[in-house]
Amino acid sequence: MLKIDQYNPVQALKKAGPQTEQQPVKAGHPTTADSGNAHVVDAASRHLQHSFDQLGQQSEVDLDKVAAIKQALASGQFKLNDAQTAQDILEFHKK
């Protein structure tokens, strides 16, 4: 799994000029529309977490494919196109 060791937190953008007043937050019980939105957000959040969990269980490298390529290289069945490999390396580093 790919690891991120450092990150920059997202900082709020500040507008130049006069400050705008913020809308007051409603206190009390959520309305029916608010609770409906909360259910949609909650469902999306659960779906997203499930997706992250599935990704966490997968290997970054297809070990079966690596083994097959190693075997093909060792037996001389895997042929590399040197010109295409060089071109692919150049294209990768142009990005």
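Author: The answers below concern a predicted model and take the terms in turn.

Reader: Why is the pair Asp 42 and Arg 46 called a salt bridge?

Author: The side chains of Asp 42 and Arg 46 approach to 2.8 Å, N to O. The criterion is a Lys or Arg side-chain nitrogen within 4 Å of a carboxyl oxygen of Asp or Glu, so the term applies. Asp 42 and Arg 46 are four residues apart in helix 1 (residues 32-57), and therefore about one helical turn separates them.

Reader: What makes Glu 91 and Lys 94 a salt bridge?

Author: Their closest N and O atoms are 3.6 Å apart, and the cut-off is 4 Å, so this pair also qualifies. Both residues lie in helix 3, three residues apart. The structure holds two salt bridges.

Reader: How do you know that the side chain of Asn 81 makes a polar contact with the backbone nitrogen of Ala 83?

Author: A polar atom of the Asn 81 side chain lies 3.2 Å from the backbone nitrogen of Ala 83. The limit is 3.5 Å, so the pair counts. The backbone nitrogen of Gln 84 likewise lies 3.2 Å from a polar atom of that side chain. Asn 81 itself is in the loop between helix 2 (63-75) and helix 3 (82-94).

How values were computed: Residues numbered from 1 in each chain as written. Predicted model: local features only at pLDDT ≥ 70, side-chain atom pairs only at ≥ 80, totals over all residues. Heavy atoms only, no water. Helix = DSSP H or I, 4+ residues; strand = E, 2+ residues; numbered from the N terminus. Polar contact = N/O pair within 3.5 Å; in protein donor to acceptor, adjacent residues only side chain to side chain.
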